[in-house]
Amino acid sequence: MSLWKKMIRKEDPSVYEDKDSHLVRSLRVRDFLGLGVGTIVSASIFTMPGEVAALHTGPAVAISYLLAAVVAGLVAFAYAEMAAAMPFAGSAYSWINVIFGEFFGWIAGWALLAEYFIALAFVGSGLSANFRALIAPLGWKLPPSLSNAFGTNGGVIDLVAVVVLLVVSFLISRGVSDAARVENILVVLKVGVILLFIVVGLTALKTKNLVPFIPKYRPTSHGAFGGWQGIYAGVSMLFLAYIGFDSIAANSGEAINPQKTMPRGIMGSLLIAVVLFVVTSIVLVGVVPYQKYMNSAEPVGLALRTAGHQLVATVVQTVAVVGMLTALIGMMMAGSRLIYSFGRDGMLPKFLGKLDDKQRPNNALLVLTIVTLIISALFPFAFLSQLVSAGTLIAFMFVCLAIYPLRKREGHDIADPAFKMPLFPVMPALGFLASLVVFVGLDAQAKIYAGGWFVIGILIYLVYGMRHSALNKKAEKQQ
């Protein structure tokens with residue numbers, strides 16, 4: 001068999017149904033809404049609106065959020081149909097394996113794996129920074145050696161990030177039901193403090209801070225500021241806020257009635273997130289002039305203190321730190337299911353695809369935790385932020401294009417889903433093009449890092465995955 005034919009071998013969807021049948025289906029719509037909102041509305045809502053407003057958009061940061069939401073929404077429709085038709089662990093990796101073949105599935109999965117590794121370390125580092133800032137006024141301070149990544153500002157290890165990642169991993173290892181219950185409670189708490197900020201902030205909002213809503217364009221050392229150029233730069237910077245809905249799809253193998261549960265969970269969580277992002281960003285720049293958010297790691301706290309609400313600022317920042325756990329729970333659940341899928345198919349060592357005596361993929365969870373701890377220990381926060389969106393956007397493009405061959409197979413070897421992407425065949429193309437436009441707008445360094453990650457992924461596939469995959473073993477037996 002030629003190399004190309006090996007690369008485009010497609011997995012039978014019934015094989016995935018059988019392999020994932022041992023996973024416990026215990027997650028309902030409310031659980032997926034909790035996972036989605038908890039992952040999407042994470043550290044970014046408390047940190048990014050002020051930074052993007054100061055660097056690129058001014059008050060028009062709300063427009064950047066809306067445009068990013070349109071792109072994410074187009075992709076979310078494709079995800080919802082895919083998850084309803086093929087509720088397998090591994091989301092885009094498994095779907096693309098069935099639709100386009102083994103190599104393309106691996107590339108899509110490898111792209112998402114970068115998101116989970118980096119985003120977990122990124123949020124863990126962000127939580128650590130916010131926690132240390134919160135306890136500093138109490139006179140509690142960790143030494144630099146226990147506060148920063150290795151080799152950064154005298155750092156050896158970020159102790160808070162390590163402890164938090166270990167706690168989240170332990171929680172998930174006990175089962176998704178327990179993790180989902182904790183997630184739901186924390187999400188309600190986090191949304192509550194966001195609404196508190198909005199209500200209190202509206203009492204201090206000054207309309208003059210919102211004028212002009214779209215500042216005049218000018219080039220800066222940070223890139224475009226103002227005009228539609230600045231809004232576009234803001235979209236590329238903010239898009240990482242919306243990538244969390246993949247964490248819902250990755251757990252579809254554990255969904256109750258996935259035909260209805262998956263579309264409602266994906267679309268519902270995205271809608272809630274859009275409203276919270278847009279309203280929060282408008283209130284934020286309405287309370288304090290956007291210029292003052294330059295280099296501020298905690299713009300929400302800055303806005304509340306400026307408005308004279310010190311106590312509310314402390315409450316919001318405290319819950320913000322706790323609320324970041326929701327993103328870690330959602331991404332760690334999804335990332336472990338993706339690695340389990342790689343092991344299940346022989347693309348990585350098979351022990352990663354083994355379930356424990358309670359049908360939990362804890363081998364995959366252990367490896368995800370170890371690698372994430374190493375990344376968070378070695379790489380600083382600023383470096384990690386460069387890589388979060390690039391790989392995910394590539395996976396999004398694959399999923400949008402996959403809708404076309406999926407439609408031809410629905411009702412045949414793939415179930416005919418209750419939910420289908422509207423405005424076919426136009427909307428999948430729009431989702432692909434919109435994701436491509438956002439990818440083009442990413443930082444050049446992020447594209448270089450992503451390129452290096454894919455070179456590593458291709459080498460792993462050619463050296464190991466292609467030879468040890470379940471499809472290859474099946475082909476050898478038939479010869």
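For the helix pairs below, an axis is a line fitted to C-alpha atoms over the stretch in contact, and the angle between N-to-C directions runs from 0 to 180 degrees. Please keep in mind that this is a predicted model.

**Helices that pack on H14**

With that definition in hand, take helix H8 (residues 159-173), whose axis comes within 10 Å of that of H14 and crosses it at roughly 60°. On the H8 side the contact is made by Val164, Leu165, Val168, Ser169, Leu171 and Ile172, and on the H14 side by Leu325, Leu328, Ile329, Met332, Met333 and Arg337. Angles of 65 to 115 degrees count as roughly perpendicular and those under 35 degrees as roughly parallel, so H8 and H14 are classed as oblique to each other. Their crossing is right-handed.

Helix H7 (residues 102-135) also packs against H14, at an angle of about 155° and with the axes 9 Å apart. Because angles over 145 degrees count as roughly antiparallel, H7 is roughly antiparallel to H14. The crossing of H7 and H14 is left-handed.

| Helix pair | Axis distance | Angle |
|---|---|---|
| H8 and H14 | within 10 Å | roughly 60° |
| H7 and H14 | 9 Å | about 155° |

**The nonpolar core**

Which residues have the most contacts inside the largest nonpolar core? They are Tyr79, Met86, Tyr242 and Phe245, in a core of 154 residues. Helix H14 (residues 310-344) supplies the largest share of this core, with 18 residues. Setting aside residues up to four places away in sequence, Tyr242 touches Ile40, Tyr65, Ala68, Ala69, Ala72, Leu270, Val274 and Phe277.

**A helix length check**

Helix H10 (residues 227-238) has 12 residues, so at 1.5 Å a residue it should span 16 Å; its end C-alpha atoms are 17 Å apart, which agrees. Buried residues in H10 include Gly227, Gly230, Ile231 and Ala233, and Gly234, Val235, Ser236 and Leu238 are buried too.

**Two residues to look at**

Is Thr280 buried or exposed? This residue of helix H12 (residues 258-287) has a relative accessible area of 2%, so it counts as buried. Beyond its neighbours within four places in sequence, Thr280 is in contact with Ile45, Ile194, Phe197 and Ile198.

Lys474, in helix H20 (residues 470-478), is partly exposed, with a relative accessible area of 41%. Its C-alpha atom is separated by 16 Å from that of Tyr464, 10 residues apart along the chain.

Terms used
Residues are numbered from 1 along each chain as its sequence is written. This is a predicted model: local features need pLDDT of at least 70, side-chain atom pairs count only at pLDDT 80 or more; totals for chains, interfaces and linings use all residues. Side-chain values use heavy atoms; hydrogens and water are left out. A nonpolar core is a set of buried Ala, Val, Leu, Ile, Met, Phe, Trp, Tyr and Cys residues joined through side-chain atoms within 4.5 Å. Buried means under 20% relative accessible area, exposed over 50%, partly exposed in between (1.4 Å probe, protein chains only). Helices (H or I, at least four residues) and strands (E, at least two) are DSSP runs, numbered from the N terminus. Contact means heavy atoms within 4.5 Å. The expected span of a helix is 1.5 Å times one less than its number of residues. A crossing is left-handed if the near helix is turned anticlockwise from the far one by less than a right angle, and right-handed if clockwise.
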